[in-house]
Amino acid sequence: MTTSQPAASPLPYADTAGAWVPHGLFTLPPTGSGPLDGLRFAAKDLFDVAGHPTGAGNPDWLATHEPASATSPVVARLLAAGARLDGKTITDELAYSIQGENAHYGTPLNTRAPDRVPGGSSSGSASAVAAGLVDFALGTDTGGSTRVPASYCGLWGLRTTHGKVSAEHLVPLSPLFDTVTWLARDTAVFERVGSVLLADDAPSPWRAAVVLGDACAQAEPAFAPLLDAVRQALSEELGVAPSEAPTSDTDLEHWRQTYVTVSAYDAWQTHRDWITRVQPSFGAAVAGRWKMAAGVDADTAARATAEQARLREQIRALLGTDTVAVLPSASSAAISRTADAAAVDQIRANTFRITSIAGLAGLPQVNIPFIGADGLPAGVSLLGPAGSDLALIRLAIAVGRRTGALGVGTLPGTDAATGPAAQALNPVAK
């Protein structure tokens, strides 16, 4: 898809959050008018924009790929709906992390918890939105790359139904699991973007809810009152008390291992030729994941893929067409920037036991952002049937309204993070 592009201009303000890549400091005006008039957005540096390089979080990728010849249809649709593109944001290398650190471009700031990581791999997108530098930002989610930063930074974020939003002209990680996503501080903006990117499938009304008890057990105690609040709000909204059930007939560690095996094999098949030929420089953690991925053989991957199909059918049967599930968005608040590797790996494993559910099943999941009793952002999610994305957004907003979630009913730019550090970052947000 070739798209004509208006002339680019430099960013009109300073990147006070360290969210943009050096080659992403440009703006593009809207190409049309519509429901996104007056809004500014950024794109994770996996999305192609014609005439501009796509770096995928790695300087060797940047050096070995020509500027994009075409624009992502998602970016083009947002421009046509009246939004202005304010450049490209940092991603963890080839999106292969949920931490939010990049060995080459740095760690973007988490304005609501400045001593903690923003989460990844949509790190720069989450950082820019949380700092009020843009109204919303495009991300991706393969294994949690939007749900985790949304939870860590106190943002609304949606992992879309797999395949529902075009991934054309997007650098993949694992095409079997990659989804196009966006993050926003404000529910009005969040839903407006959904109205542009998602078809309104108008599924049958929600009739039931279930709390995934095994997923909730993976989260730290600070999540418990937030999960209870969402459970109560759903009971009031739907007129029926949510039940509690396990995700499937097996433990979530089995889900995590299945996801890791299938996605790693798929990612290696996708990028093997480039990695083998270029021998790129990766940060230590990402390099370790690629080494692991290279060691997954076809027979092991085939067995895991068969198991994925079984698990997928179990969670889809539990939800049917009219049931929503409640679960944490991550297992902890944002991780300290100085946490040791062992602690990071343990939290990462706990979180993947949660995020692998939607990943393996290809289902949509919305993060509802809260500030916990410890003063840190923490997200609770609603998981819905395949294709229920827009209805799920609207239900999540209704739940957020009942529970006092962040960003409900405010105008664009008014739900910036609080505190001295965040105020210092936000002079350009208004």
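Leu94 sits in the loop between E2 and H3. Helices (H or I, at least four residues) and strands (E, at least two) are DSSP runs, numbered from the N terminus. This is a predicted model, in which local features need pLDDT of at least 70, side-chain atom pairs count only at pLDDT 80 or more, and totals for chains, interfaces and linings use all residues. Residues are numbered from 1 along each chain as its sequence is written, and side-chain values use heavy atoms, with hydrogens and water left out.

The phi of Leu94 is near 50°, a positive value in a residue other than glycine. Leu94 is also buried, with a relative accessible area of 0%. Buried means under 20% relative accessible area, exposed over 50%, and partly exposed in between (1.4 Å probe, protein chains only). Ala56 likewise has a positive phi for a residue other than glycine, near 55°. Ala56 belongs to the loop between strand E1 (40-44) and helix H1 (59-63). Its relative accessibility is 0%, so Ala56 counts as buried. The peptide bond from Gly120 to Ser121 is cis, with omega near 10°. Ser121 lies in the loop between strand E2 (84-89) and helix H3 (123-130). Most residues other than glycine have a negative phi, and most peptide bonds are trans.

His271 is placed in helix H8 (residues 252-278). The residue is buried, at a relative accessible area of 3%. A polar atom of the His271 side chain lies 2.7 Å from the backbone oxygen of Pro172. Such a polar contact is a pair of N or O atoms within 3.5 Å; within protein, one must be able to donate a hydrogen and the other to accept it, and residues adjacent in sequence count only if both atoms are side-chain atoms. Beyond its neighbours within four places in sequence, His271 is in contact (heavy atoms within 4.5 Å) with Trp61, Leu94, Val171, Pro172, Leu173 and Trp290.

The whole structure holds 11 aromatic pairs. Rings of Phe, Tyr and Trp (its six-membered ring) pair if their centres lie within 6.5 Å; planes under 30 degrees apart count as stacked, over 60 as edge-to-face and the rest as tilted. Phe177 and Tyr259 form an edge-to-face pair, 5.0 Å centre to centre with 70° between the planes. This pair links distant parts of the chain, 82 residues apart: Phe177 is in the loop between strand E4 (156-159) and strand E5 (179-184), and Tyr259 is in helix H8. Phe177 is buried, with a relative accessible area of 0%. Tyr259 counts as buried at 6% relative accessibility. Trp268 and Trp290 form a tilted pair, 6.3 Å centre to centre with 50° between the planes. Here too distant parts of the chain are linked, with Trp268 in helix H8 and Trp290 in helix H9 (residues 284-294), 22 residues apart. Both Trp268 and Trp290 are buried. One aromatic cluster is formed by Trp61, Tyr96, Trp268, Trp274, Phe282 and Trp290.

The largest nonpolar core has 78 residues, and Leu78, Phe136, Leu138, Trp290 and Leu382 have the most contacts inside it. A nonpolar core is a set of buried Ala, Val, Leu, Ile, Met, Phe, Trp, Tyr and Cys residues joined through side-chain atoms within 4.5 Å. Helix H12 (residues 389-403) gives the most to this core, with eight residues. Apart from this core lies another, of 32 residues, among them Phe177, Ile357, Ala358 and Leu383. In soluble globular proteins, nonpolar side chains tend to be buried together.

Six of the eight residues of helix H2 (residues 73-80) are buried, so the helix is largely enclosed by the rest of the structure. These are Pro73, Val74, Val75, Ala76, Leu78 and Leu79. They pack against E1, E2, strand E3 (136-141), E5 and helix H5 (187-197). At the start of H2, a side-chain oxygen of Ser72 comes within 3.1 Å of the backbone nitrogen of Val74. Just after H2, Gly82 has a positive phi of about 110°.

Strand E6 (residues 208-212) is largely enclosed by the rest of the structure because four of its five residues are buried. Two strands pair if DSSP finds at least two bridges between them. E6 runs parallel to strand E8 (residues 323-328), joined by four bridges. Val211 stands opposite Val326 in E8. E6 also pairs with strand E7 (residues 243-245) in the parallel sense, over three bridges. In E7, Glu244 is the bridge partner of Val211.
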